[in-house]
Amino acid sequence: MSKKTTNKTTIPDLEVLSVRELAAYLGTSVWFIRRLVTIRKIPYTKIGGRVLFYMPAMREWLRDNTTWPGKHTSDWHRKRYDPSGELIKLMNRGDDNFA
């Protein structure tokens, strides 16, 4: 079994992590992970009273929730400040001289 080293702890390369292990892996607090579970923003499995995270599902969740430079999931904020849509058209065209 290989091990992954984070800045806080060493975690075995397991298929399933506990709340504490996932928090250490992501570099966040246990409270934050529990909050994500409570509002159902993160995939998890509950066995008895224990919350567990399947690592292949977590990797997919991380990939799906990554924000890439230059890509926007919503143009709402730009439409609010540019009702004509001219700025949005320029940005979508890839023109760097839209400012």
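Serine 18 is buried, with a relative accessible area of 15%; buried means under 20%, exposed over 50% and partly exposed in between, with a 1.4 Å probe and protein chains only. Serine 18 sits in strand β3. This is a predicted model: local features need pLDDT of at least 70, side-chain atom pairs count only at pLDDT 80 or more, and totals for chains, interfaces and linings use all residues. Residues are numbered from 1 along each chain as its sequence is written, and side-chain values use heavy atoms, with hydrogens and water left out.

**The chain as a whole**

- The chain has five helices and five strands. Helices (H or I, at least four residues) and strands (E, at least two) are DSSP runs, numbered from the N terminus.
- Starting at the N terminus, the elements run β-β-β-α-α-β-β-α-α-α.
- Of the 99 residues in the chain, 22% are buried.
- The chain exposes about 7800 Å², and carbon and sulfur atoms supply 53% of that area. Accessible areas come from the Shrake-Rupley method with a 1.4 Å probe; for residues, only the protein chains shown count as cover.
- Take the contacts between residues at least 6 apart in sequence: 29% of them join residues at least 24 apart. Contact means heavy atoms within 4.5 Å.

**The sheet**

- Three strands form an open sheet in the order β3-β5-β4, with antiparallel pairing. Two strands pair if DSSP finds at least two bridges between them.
- β3 and β4 are the edge strands, each pairing on one side only.
- From one strand to the next, the twist averages 40°. Axes are lines fitted to C-alpha atoms, for helices over the stretch in contact, and angles run from 0 to 180 degrees between N-to-C directions.
- In general, strands of a sheet pair through backbone hydrogen bonds, either parallel or antiparallel.

**Strand β3 against β5**

- Strand β3 covers residues 16-18 and strand β5 covers residues 50-54; three bridges join them.
- Valine 16 has tyrosine 54 as its bridge partner in β5.
- Serine 18 is in contact with Arg50, Val51, Leu52 and Phe53, leaving aside its neighbours within four places in sequence.

**Strand β4 against β5**

- Strand β4 (residues 45-47) is also joined to β5 by three bridges, and the two run antiparallel.
- Threonine 45 stands opposite leucine 52. Lysine 46 has valine 51 as its bridge partner.
- Two residues lie between the strands in the hairpin of β4 and β5, where glycine 48 takes a positive phi near 65°.

**Helix α1**

- Helix α1 spans residues 19-26, and its buried residues include Val19, Leu22, Ala23 and Ala24.
- In an α-helix there are 3.6 residues a turn, so residues three or four places apart point the same way.
- Helix α1 lies across β3 and β5, and runs at about 95° to β3.
- Glycine 27 follows α1 and has a positive phi, near 75°.

**Helix α3**

- Helix α3 (residues 55-64) packs on the sheet and touches β3 and β5. Its direction makes about 65° with that of β5.
- Methionine 55 has its place in helix α3. Is methionine 55 buried or exposed? Methionine 55 is buried, with a relative accessible area of 3%.
- The C-alpha atoms of methionine 55 and valine 16 are separated by 5.7 Å, although the two are 39 residues apart along the chain.
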